[in-house]
Amino acid sequence: MKLNIEGAIQIEIPSEFKTYVSEEHFANCIQCGCHLLDDDKEYFIEKIVKDNQVELEYAICTDCMEKVDIKLSDESKENIKNFMESRSTNMISNLILMDAGETDYKKWLESCIVTGEPFANDDEYQIAAHCVGKKMVLSIMPYKISFKAMEQMQDLLSAQTKEELDNFKKQNLDLPPELFQMLTKKPFVFV
Ligand SMILES: [Zn+2]
């Protein structure tokens, strides 16, 4: 899975997208363990934040993400695509920021990419970024998505896809049960 990053500005990865405890770069893919900090290595960073605490964070390389994508059923993919297209206002605003050459990544995170709603202080949300080596790409990503929107998207997944994703997470993410439960409420939403 490769996103088109032509023309997109790349900035130093901000601390919000470094590891929570030590504020270092994510150095390895959570699934295959490959090294992520080479200049041309593409990967995604994802974090779930609840009550201002990072509940979960990891980086996953594009090759592994592609394997997750293959596990999604065609029906689920189509549902998500239609859903995102019907709520694309905020995604377009990210692309407008990109076209304008904006370099302040915080502008990408001001409101939910799905609902367009601004965030209150204690909201639960997910943030995701697309990185290349030690740089973060400013394109449709980074984005911030509310828990409410994550739940709406979960409803679009077929039973088969939910099972595939649950298995993937069980096999690859070494999580305490309560976190695992929370994570399985949300789909991967890289589009
Ligand atoms: Zn990997």
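Q: In this predicted model, where buried means under 20% relative accessible area, what share of the 191 residues in the chain is buried?
A: Take that cut-off of under 20% relative accessible area as the test for buried. Run over the 191 residues of the chain, the buried ones come to 48%.

Q: How are the ring planes of F17 and Y105 arranged, stacked or edge-to-face?
A: The ring centres sit 6.5 Å apart, and pairing needs them within 6.5 Å. The planes meet at 70 degrees, and over 60 counts as edge-to-face. So this pair is edge-to-face.

Q: How many residues apart in sequence are the parts that the F17 and Y105 pair ties together?
A: F17 lies in the loop between β1 (9-12) and β2 (42-50). Y105 is in the loop between α3 (89-99) and β4 (125-132). Both residues are buried, by the way. The pair therefore ties together parts whose separation in sequence is 88 residues.

Q: What kind of pair do F119 and Y125 make?
A: Their ring centres are 5.6 Å apart, with the planes at 65 degrees. An angle over 60 is what it takes here, so the pair is edge-to-face.

Q: Which residue has its charged end over the ring of Y125?
A: Y125 itself is buried, at a relative accessible area of 12%. The charge over its ring is 4.2 Å from the centre. Over the face of F119, at 4.5 Å from the ring centre, you find K144. The charged end over Y125 also belongs to K144.

Conventions:
Residues numbered from 1 in each chain as written. Predicted model: local features only at pLDDT ≥ 70, side-chain atom pairs only at ≥ 80, totals over all residues. Heavy atoms only, no water. Phe/Tyr/Trp six-rings, centres within 6.5 Å; stacked < 30°, edge-to-face > 60°. Helix = DSSP H or I, 4+ residues; strand = E, 2+ residues; numbered from the N terminus. Buried < 20%, exposed > 50% of the residue type's maximum accessible area, 1.4 Å probe, protein only. Lys NZ or Arg CZ within 6 Å of the ring centre and 35° of its normal.
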